[in-house]
Amino acid sequence: MPRRHLLTGRGTAALLTGVLLTIAANLLAAPILLYVAMLLFLLVVVAVLVVHVPRRTGAVSRRISTDLLTVGEESQVAVRFDMRALRIPLGIWRDKLPAAVSGDATGEFPTDNGTSIGYAITGVRRGVWAVGPLSLQTIDPFGFAQRTQEFGDTRTVTVVPEVVPLAPLSSNLGAAGGTAHTSSTRLGQGSDNLSPRRYVSGDSMRRIHWRATAHRGDLMVRQEEEESSPDALVVLDRTARHWDIQREQADPAFEAAVSACASVALHLVQEGYSVDVLDSAGAVLGRLRGHEDDRDGLLVALALTRPQGEGRDIITLFDGTPPGPLVLITGHLDEEDAALLRHGGAAAPILLATDLGPGAGDAAARLGWSSAPLAEDIAAAWEDALPARMATGGGHVAR
């Protein structure tokens, strides 16, 4: 909390001037100087009483236009300040903002809209941060005394990692990934290969299997919609030794990795995959099945994640059936660690590392991984990884 001074610079100067005039009046035997000094003292006292005696209370309510604020995204904050006092003072309001959020949260009070205050904020660093309290600084008409009070509680704002658009994975795989295409890819182009069932109330007429209906004499429908989406796994390596955890501020490399994790996971969902997002220890960060709540839950979890602990072998993170796309996002990776990255037969193992040591990329490629260095341009790193995987023949099985 900042220090609160009773007098302004002008008030302090007036007080010192009064003291000097009092001394000069005694030395020079000039009563007029003493009268001026007394007037200055009186003005300072009156100014202090005007500013500090009235009892002021107020309620503050905030509304942020964006529930989850993305790094680099701008949002609007609407503040309602209900002041209860003998009079509405003239002053300067200031809403306290954390360093992870930028914005000009200050202005004159009362505003043109009365007690309604508004300003814009921009997410700078992911996390959950407190906005507020709101402070009001008032100064008397002479500018001699000041008073700063805080009103209301704080309001938390969640800054989530930036999500960037990525190049399609399916075009590099040579097969569609989404549910809109997998039915024809996996079940065949014609409807003869489908296993029909009897029509029940609520089924879409577009799903009627006319050939089976004519053969059996009852309305039959296709079951292609019951086919599940292919699964994908995204792993964010939080192993402490792979990141610079000694930094006082956030590690830019880890921030890029978190943003890449969010971007890849949400991109795979758009392509029709059911995506599980885990950390390197096997903790679930999110399960994405195409619902908006799933997306928000993942972003909030990623807003709070930090490097810590040790990781596990990748193939121990999934039970039995290996995933289709498997994306591992890590930090510093040397050749020895890369040689141990078994992907268990994943259809598309992709490795993004913020610091690929000498020989690490080649060691991972020998195990079937396609890899690319991860920097600030996440989209470029992702696109570089796709042709890299194609150059290795799509990745051979390394169990």
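Where does Pro-133 lie? Pro-133 is placed in the loop between strand 8 and strand 9 (134-139), where helices (H or I, at least four residues) and strands (E, at least two) are DSSP runs numbered from the N terminus. The structure is a predicted model, in which local features need pLDDT of at least 70 and side-chain atom pairs count only at pLDDT 80 or more, while totals for chains, interfaces and linings use all residues. Residues are numbered from 1 along each chain as its sequence is written, and side-chain values use heavy atoms, with hydrogens and water left out.

The peptide bond that joins Gly-132 to Pro-133 is cis, with omega near 0°. Most residues other than glycine have a negative phi, and most peptide bonds are trans. Ala-29 is placed in the loop between helix 1 and helix 2. With a relative accessibility of 67%, Ala-29 counts as exposed; the classes are buried (under 20% relative accessible area), exposed (over 50%) and partly exposed (in between), with a 1.4 Å probe and protein chains only.

The axes of helix 1 and helix 2 (residues 31-52) come within 8 Å and cross at roughly 155°. Helix 1 is therefore roughly antiparallel to helix 2. Axes here are lines fitted to C-alpha atoms, for helices over the stretch in contact, and angles run from 0 to 180 degrees between N-to-C directions. Angles under 35 degrees count as roughly parallel, over 145 as roughly antiparallel, 65 to 115 as roughly perpendicular and the rest as oblique. The crossing of helix 1 past helix 2 is left-handed, a crossing being left-handed if the near helix is turned anticlockwise from the far one by less than a right angle, and right-handed if clockwise.

Val-19 belongs to helix 1 (residues 9-28) and is partly exposed, at 38% relative accessibility. Together with Leu-20, Ile-23, Leu-27 and Leu-28, Val-19 makes a nonpolar surface patch of about 540 Å². Patches are made of residues with over 30% relative accessible area and no salt bridge; like charges are joined within 9 Å, and nonpolar side chains (Val, Leu, Ile, Met, Phe, Trp, Tyr) within 5 Å. The accessible areas come from the Shrake-Rupley method with a 1.4 Å probe, and for residues only the protein chains shown count as cover.

Helix 6 and helix 7 form another pair, with axes that come within 10 Å and cross at roughly 165°. This angle makes helix 6 roughly antiparallel to helix 7. Helix 6 passes helix 7 in a right-handed crossing. Gly-297 is part of helix 7 (residues 292-304) and is partly exposed, with a relative accessible area of 37%. The C-alpha atoms of Gly-297 and Gly-286 are 6.6 Å apart in space, and the two residues are 11 apart in sequence.

Side chains of opposite charge can pair when their charged atoms come close. In the whole structure, 10 salt bridges are found, each defined as a side-chain nitrogen of Lys or Arg within 4 Å of a carboxyl oxygen of Asp or Glu. One of them joins Asp-95 and Arg-62, at 2.7 Å from N to O. Asp-95 lies in strand 4 (residues 91-95) and Arg-62 in strand 1 (residues 57-64), so this pair ties together parts that are 33 residues apart in sequence. Asp-95 and Arg-62 are both buried.

Arg-126 and Glu-255 form a salt bridge whose closest N and O atoms are 2.8 Å apart. This pair links distant parts of the chain, 129 residues apart, with Arg-126 in the loop between strand 7 (116-123) and strand 8 (127-131) and Glu-255 in helix 6 (residues 252-270). Arg-126 is buried, with a relative accessible area of 2%, whereas Glu-255 is partly exposed at 22%. A salt bridge also joins the side chains of Arg-295 and Asp-296 (3.4 Å, N to O). Arg-295 is partly exposed at 30% relative accessibility, and Asp-296 is partly exposed at 26%. A network of salt bridges links Arg-241, Glu-310 and Asp-337.

Val-131, a residue of strand 8, is buried with a relative accessible area of 1%. Val-131 and Thr-156 are 25 residues apart in sequence, with a C-alpha to C-alpha distance of 5.9 Å.
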